[in-house]
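Hi there,

Here is the structure I promised to pass on to you. Please open it first, and then read my notes below alongside it.

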Amino acid sequence: MTIEPVTELGSGGALRLPRARVVPLSAPPSSYTAAVERYLTGAGIAKSSARIYRISLTTWGWMLAGEPAPTGPARRGAKPPAFPVTAIDDPALPETLAELAAARADEMDADTVNRELSIARKAIGWWQRQGWIEVDPTIGIERRPAPPDRTKALAENQIAALWRLDVALREKTFWKMLYESAARADEVLCLNVEDLYPQDKRGRITAKGGATEWIHWQSGTAQLLPRLIARRTRGPLFLTDRRAPDGTPTLDVCPETGRARLSYRRAEEIFEENTRLLANPLASPEDIEDLDGFTLHRLRHSALTHDAEGGTSTPMLLARSRHASVRSLERYARPGVDAVARHVAERDPAARRRT
């Protein structure tokens with residue numbers, strides 16, 4: 001981006017002070033969707049993060065067009081509105097956007113809303129530096145407070161019930177790998193068959209920030225993987241049930257089956273739908289469709305919590321979780337409610353007298 005001074009004549013022919021005019025580094029993309037793709041490639045977003053960024057920016061595409069973003073089942077298959085990226089400079093947009101963002105924040109959890117806002121601001125800032133737009137319409141929209149939820153880790157009996165669910169092989173393998181490896185869902189979904197080292201029970205992933213790292217799994221995943229892979233030797237590990245639609249990036253298409261890589265959004269929907277009864281054990285059958293199940297992230301949270309309860313050392317927890325510091329790890333590796341209950345019960349004076 002370059003800045004050119006522009007001299008203007010004021011009233012009476014007096015010269016005004018020069019103002020800056022942004023000269024774009026390149027012509028603005030023809031559409032918001034194209035601007036999103038230019039950002040994901042031009043800003044160097046890691047492959048493991050690009051999927052989440054694309055989903056968040058698609059959601060914000062609705063709101064930047066002045067429309068509420070669809071939620072729940074309505075999101076699946078919904079096509080975002082088409083509009084030029086320069087429409088973001090509409091002077092009326094900030095007020096409309098603030099109302100839409102507030103309405104969305106009332107429907108979604110604070111962590112999701114804050115993550116989407118952060119991603120949108122990063123993209124908008126990048127587009128501003130390219131000279132495609134001039135203003136940031138999100139100024140004035142504040143992050144939502146997100147108090148820590150101490151119930152995020154699933155109890156061990158809930159994990160055991162999860163393994164008993166009657167689901168497809170793909171889901172069984174995916175959920176097992178998430179729990180046994182304590183990896184992030186987007187990292188695991190980006191795995192290709194050629195990234196696996198089955199004999200060592202490990203896989204090579206592109207981690208948050210773009211680093212290449214290892215994840216490790218146990219026998220549960222190791223027993224399921226050969227059936228999932230079958231005879232495939234390359235391509236995405238976790239696939240959709242149907243052939244990839246036209247326009248799907250080559251990296252997200254299995255060259256042997258023609259099926260697409262399973263998306264985070266679809267994987268989250270499947271997990272949430274299948275865990276509604278586990279999350280709401282007292283709900284009646286007629287109410288269960290209106291209730292929420294678990295999120296995929298809770299498998300990672302649960303794995304690290306159960307490790308901490310089992311006495312795993314802090315250095316090992318840091319290595320397993322790939323967190324940068326103990327402080328960032330603390331909200332995961334914290335003993336759960338059942339572990340605290342056992343601790344209190346074991347130290348009950350009355351129980352000691354009985355023994």
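How many aromatic pairs does a search of the whole structure find? The search gives 10 aromatic pairs. Please keep in mind that this is a predicted model.

One of these pairs is worth a look. Trp163 and Tyr179 sit edge-to-face, with 5.9 Å from centre to centre and 65 degrees between the planes. This pair links distant parts of the chain: Trp163 belongs to helix 5 (residues 156–163) and Tyr179 to helix 6, and they are 16 residues apart. Tyr179 counts as buried because its relative accessible area is 17%, under the 20% limit. Trp163, with a relative accessible area of 26%, is partly exposed.

Elsewhere, ring pairs join Tyr32, Tyr39, Tyr53, Phe83, Trp126, Trp127 and Trp132 into a cluster. Another ring, that of Trp214, has Arg202 over its face, 5.2 Å from the ring centre.

Now back to helix 6. Two packed helices are described by the angle between their axes and the distance between those axes. Helix 6 (residues 169–181) packs with helix 8 (residues 219–229) at an angle of about 145 degrees, and their axes are 9 Å apart. The crossing of helix 6 past helix 8 is left-handed. On the helix 6 side, the contact includes Leu169, Met177 and Glu180, and on the helix 8 side, residues including Gly220, Leu224 and Arg227. The residues of this contact comprise five nonpolar, four polar and five charged.

Happy exploring, and write back with any questions!

Key
Residues are numbered from 1 along each chain as its sequence is written. This is a predicted model: local features need pLDDT of at least 70, side-chain atom pairs count only at pLDDT 80 or more; totals for chains, interfaces and linings use all residues. Side-chain values use heavy atoms; hydrogens and water are left out. Axes are lines fitted to C-alpha atoms, for helices over the stretch in contact, and angles run from 0 to 180 degrees between N-to-C directions. Helices (H or I, at least four residues) and strands (E, at least two) are DSSP runs, numbered from the N terminus. A crossing is left-handed if the near helix is turned anticlockwise from the far one by less than a right angle, and right-handed if clockwise. Contact means heavy atoms within 4.5 Å. Ala, Val, Leu, Ile, Met, Phe, Trp, Tyr, Cys and Pro count as nonpolar, Asp, Glu, Lys and Arg as charged, and the others, Gly among them, as polar. Rings of Phe, Tyr and Trp (its six-membered ring) pair if their centres lie within 6.5 Å; planes under 30 degrees apart count as stacked, over 60 as edge-to-face and the rest as tilted. Buried means under 20% relative accessible area, exposed over 50%, partly exposed in between (1.4 Å probe, protein chains only). A charge sits over a ring if NZ of Lys or CZ of Arg is within 6 Å of the ring centre and within 35 degrees of the ring normal.
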